[in-house]
Amino acid sequence: SAPLTLLGPAPGAPCCPHGPALLFVKTSQGKEEGRRFYACSACRDRKDCNFFQWEDEKVSETRLAAREEYNRNHQPPFTHRQNVDRYKNFVLLPLSKRRFCQECQQLLLPAEWEEHLDHQFLCDVTTTQLKSPSQLLYPLENKKTNAQYLFADRSCQFLLNLLIDLGFRRVLSVGTPRLHEMIQSRASQEEFSVRSLLLDIDFRYSQFYTEDEFCHYNMFNHHFFGGEAARETCRKFLYEENGERVIMVTDPPFGGLVEALASSFKKLMAMWKETEKEGHDNKEMPVFWIFPYFFESRILDFFPSFSMMDYQVDYDNHALYKHGKTGRRQSPVRIFTNLTPNTIVLPEEEGYRFCTVCQRYVSSGNQHCEICNSCTSKDGRRWKHCVLCKKCVKPSWFHCNNCNCCTLQKHSCEKTDIGCFVCGKAGHKRSACPSLS
């Protein structure tokens, strides 16, 4: 299929159940730009949401009405407000009457048992379980929209302690339910001054959190499903009173479109800037964007002030992204941040050390390269310098004179498919081929 280019959120875009659609264009090799179209912002797979409309298409009144009806019917069965009231009633029930329907992913009140008789349900739902909804709800593992791979406890503890040490008292948790949950549960147990607001596309969380603790939000199109009231909740949360510093921590689906995410994050950062006229002039809202290291250049394109930390973030329910020996390999997930790298202290007991030249913590295998004058490894292994490429490369790569670059030993250089489809050279895709221009 031809490569897609995202043209971004367009004013007056049509809506699907996931909020305003995004505008795309298909670009095919050597041809003019294709016809522009709208598609769902959150679902890259047509099976999950098949919304599609040509930009120049005239949509009839009947179809518009049918679409609105469809969008309405695909909203959750209860509003957030109703869910908060249901929760209050649920907590008052004796343990023996507390049921959670696993098929509907819903807390049940006794009057509703009838409707769910033939469903699987959990009985005796404890207060502890209610306080850790990310463990009660089953993860929606659709890779691109709801990639709910949840932080491993160790990574979550590390992140939270790091935020506290850095002096943050408010965390805008964008798609990080585990972190939000850990902050909430610690706040109820001890003298703990950190607060969190969870923004997430998974509406199931509205059963466990009030409107001040959770906003139903789509990070691909910056859409607050709760409208102006929810947007106001977020704005209020970002307002720093009594010097309580705010940081945004986000863990988007790795299959998601980087440019769509960057656009939403910029809007959240702008929202923070607007809350306080003085003092924010040339500052950016502090951010931790958690994402695989191979997206580094893409993220830095959008946020030149960011840099990548060496800390490997691990996930509980992800076969590949587990720490050290248990996973098949080391996690490729890192923290990208606009904070000064030397302020981010990484745990020495997990093998991180401080490089005085780079002024940041690096993983133990990451050796400082004298020629590049930086710690060059991205994946935790020791990389090697290639004089011909003028940079450090992965230890398993070798310089190939045909391809004129370092690559895996078992590669086929005769085939043009490692390079551009138009001219056959490596290093760019056909959409960016100089011979086209």
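Arg86 and Glu112 form a salt bridge in which the closest N and O atoms are 2.6 Å apart. Arg86 belongs to helix α2 (residues 80–92), while Glu112 sits in the loop between β8 (106–108) and β9 (121–122), so this pair ties together parts that are 26 residues apart in sequence. The model is a predicted one.

Where do the two partners stand, buried or exposed? Arg86 has 10% relative accessibility and therefore counts as buried. Glu112, at 14% relative accessibility, also counts as buried.

## Other salt bridges

The count of salt bridges comes to 19. One of them joins the side chains of Arg35 and Asp56, with 3.1 Å from N to O. Arg35 lies in strand β5 (residues 33–39) and Asp56 in the loop between β6 (52–54) and α1 (61–73), so the bridge ties together parts that are 21 residues apart in sequence. Arg35 is partly exposed, at 42% relative accessibility, and Asp56 is exposed, at 53%.

Asp45 and Lys47 also meet through their side chains in a salt bridge, at 3.4 Å from N to O. Here Asp45 is partly exposed, with a relative accessible area of 32%, whereas Lys47 is exposed, with a relative accessible area of 73%. For Arg86, by contrast, the value is 10% relative accessibility, which counts as buried. Some bridges share partners: Glu228, Arg231, Glu232 and Arg235 are joined in this way into one network.

## A buried charge without a bridge

Glu181 is found in helix α6 (residues 177–189). Which side chain of opposite charge is nearest to Glu181, and how far away is it? The nearest is Arg178, at 4.4 Å.

Leaving aside neighbours within four places in sequence, Glu181 is in contact with Lys131, Ser132, Pro133, Ser134, Gln135 and Tyr209.

## A three-stranded sheet

Three strands make an open sheet in the order β8-β7-β9, and their pairing is antiparallel. The edges are β8 and β9, each with a single partner strand, so one side of each is left without a neighbour in the sheet. Helix α2 packs on this sheet and touches β7 and β8; the direction of α2 makes about 50° with that of β8.

Strand β7 (residues 99–101) pairs with β9 over two bridges in the antiparallel sense. In this pairing, Phe100 stands opposite Leu122 in β9.

## A hairpin

Strands β24 (residues 397–400) and β25 (residues 405–408) run antiparallel and are joined by four bridges. Cys400 stands opposite Cys405 in β25. The two strands form a hairpin with four residues between them. In the turn, Asn404 has a positive phi of about 60°.

## Confidence in the model

The protein chain has a mean pLDDT of 87, and 87% of its residues reach 70 or more. Confidence is lowest in strand β1 (residues 4–9), with a mean of 83, and highest in strand β12 (residues 214–218), at 98.

Over residues 324–328, pLDDT stays under 50. For this stretch the model has four contacts beyond four places in sequence. Where pLDDT is low, the predicted coordinates should not be read in detail.

Note on methods: Residues numbered from 1 in each chain as written. Predicted model: local features only at pLDDT ≥ 70, side-chain atom pairs only at ≥ 80, totals over all residues. Heavy atoms only, no water. Buried < 20%, exposed > 50% of the residue type's maximum accessible area, 1.4 Å probe, protein only. Lys, Arg positive; Asp, Glu negative; His and termini not counted. Salt bridge = Lys/Arg side-chain N within 4 Å of Asp/Glu carboxyl O. Contact = heavy atoms within 4.5 Å. pLDDT = per-residue confidence, 0-100. Pairing = 2+ DSSP bridges. Axes fitted to C-alpha atoms, helices over the stretch in contact; angles between N-to-C directions.
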